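My plan is to look things up one at a time and jot down what turns up.

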Amino acid sequence: NVGNNIVGLMVVSEHGCESEMIFNNVTVFDIPVAEFTADSVCYGNTTTLTATEVANATYHWDFDNDNVIDYTTTDNILTHSFNIGDNTVGLMIVSEYGCESEMVFNDVTVFDIPVAEFTADSVCYGNITTLTATEIANATYHWDFDNDSIADFSSDENILTHNFNIGDNTVGLMIVSENGCESEMVFNDVTVFDIPVAEFTADSV
């Protein structure tokens with residue numbers, strides 16, 4: 001069994017002569033159990049892998065699901081960059097006595113970054129401009145109407161109407177996915193045309 005086991009031995013010769021019984025301790029070391037968790041992150045951020053802490057153990061990580069160890073460390077917490085999607089990661093723990101756990105595998109998820117794009121129709125002053133952004137399921141759209149890189153309005157709809165001043169109005173958009181991943185803020189000019197003033201004279205005849 002695991003732990004210290006006391007084992008006795010007595011030798012009996014071919015003539016029936018018995019030795020004294022001698023005793024020794026036989027130690028059986030436990031097998032470590034490998035477990036780990038991983039946070040889900042947006043692409044470009046590092047993932048934190050947190051393994052079961054086993055005193056004086058080494059941690060052997062397989063990052064590409066090929067059952068080959070890619071990295072070994074004595075720390076049970078590790079950061080690593082992964083590709084977009086579900087990445088299958090393996091861990092084996094080896095105790096200070098050289099006892100190896102089974103290799104366990106978990107999926108580590110990295111979410112894609114949304115790409116913000118939008119169009120705007122050019123209108124005459126007094127008319128409402130329609131802004132149409134890339135449609136992304138369950139995303140939120142954050143609009144900057146005054147070119148200060150601060151969101152002035154947020155919506156879960158990708159189409160928005162707004163009144164702008166005459167001229168070129170620089171408008172920004174950032175999209176945040178359902179997983180909290182933020183796009184870069186993109187800027188476009190939204191043009192509003194002035195209204196001509198009609199004047200005329202007529203001579204009297």
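**Entry 1: ground rules.** Before anything else, I noted that two strands pair if DSSP finds at least two bridges between them. Helices (H or I, at least four residues) and strands (E, at least two) are DSSP runs, numbered from the N terminus. I am working with a predicted model, where local features need pLDDT of at least 70, side-chain atom pairs count only at pLDDT 80 or more, and totals for chains, interfaces and linings use all residues. Residues are numbered from 1 along each chain as its sequence is written, and side-chain values use heavy atoms, with hydrogens and water left out.

**Entry 2: the five-strand sheet.** I looked up an open sheet of 5 strands and wrote down its order, β12-β18-β17-β14-β15, with mixed pairing. Its edge strands are β12 (123-124) and β15 (153-155), each of which pairs on one side only. I reminded myself that strands of a sheet pair through backbone hydrogen bonds, either parallel or antiparallel.

Which way do β12 and β18 run? They run parallel, joined by 2 bridges, and I found Cys124 partnered with Phe193 in β18.

Next I followed β17 to both of its sides. With β18 it runs antiparallel over 7 bridges, and there Asn169 stands opposite Val190. On β14 (residues 140-144) I counted 5 bridges to β17, again antiparallel; Trp143 has Leu173 in β17 as its bridge partner.

I also checked how covered β17 is: 7 of its 10 residues are buried. Here buried means under 20% relative accessible area, exposed means over 50%, and partly exposed is in between (1.4 Å probe, protein chains only).

**Entry 3: Ser177.** Where does Ser177 lie? I found it in the loop between β17 (167-176) and β18 (186-193). Is Ser177 buried or exposed? It counts as buried because its relative accessibility is 12%. Setting aside neighbours within four places in sequence, I listed Pro114, Asn138 and Ala139 as its contacts, contact meaning heavy atoms within 4.5 Å.

**Entry 4: the three-strand sheet.** I then turned to an open sheet of 3 strands, ordered β3-β5-β8 and paired antiparallel. β3 (36-38) and β8 (77-80) are the edge strands, each pairing on one side only. From one strand to the next, the twist averages 20°; axes are lines fitted to C-alpha atoms, for helices over the stretch in contact, and angles run from 0 to 180 degrees between N-to-C directions. β3 is joined to β5 (residues 47-51) by 3 bridges, and I noted Leu49 in β5 as the bridge partner of Ala38.

**Entry 5: β6 and its partners.** I found β6 (residues 58-62) mostly covered, with 4 of its 5 residues buried. It runs antiparallel to β9 (residues 85-94), over 5 bridges, with Thr58 bridged to Val94. It also pairs antiparallel with β7 (residues 71-73) through 3 bridges, where Trp61 has Tyr71 as its partner.

**Entry 6: two asparagines.** Most residues other than glycine have a negative phi, and most peptide bonds are trans. That made me stop at the loop between β6 and β7, where I found Asn65 and Asn67. Asn65 has a positive phi of about 60° although it is not a glycine. For Asn67, phi is also positive, near 60°. I wrote down Asn65 as partly exposed because its relative accessible area is 42%, and Asn67 as exposed because its value is 55%.

**Entry 7: Val104.** I placed Val104 in strand β10 (residues 104-111). It counts as partly exposed, since its relative accessibility is 24%. How far apart are Val104 and Val33? I noted 71 residues in sequence and 9.1 Å in space, C-alpha to C-alpha. Beyond neighbours within four places in sequence, the contacts of Val104 include Ala34, Phe36 and Val89.

**Entry 8: Phe23.** My last stop was Phe23, in strand β2 (residues 22-28). It is exposed because its relative accessible area is 55%.
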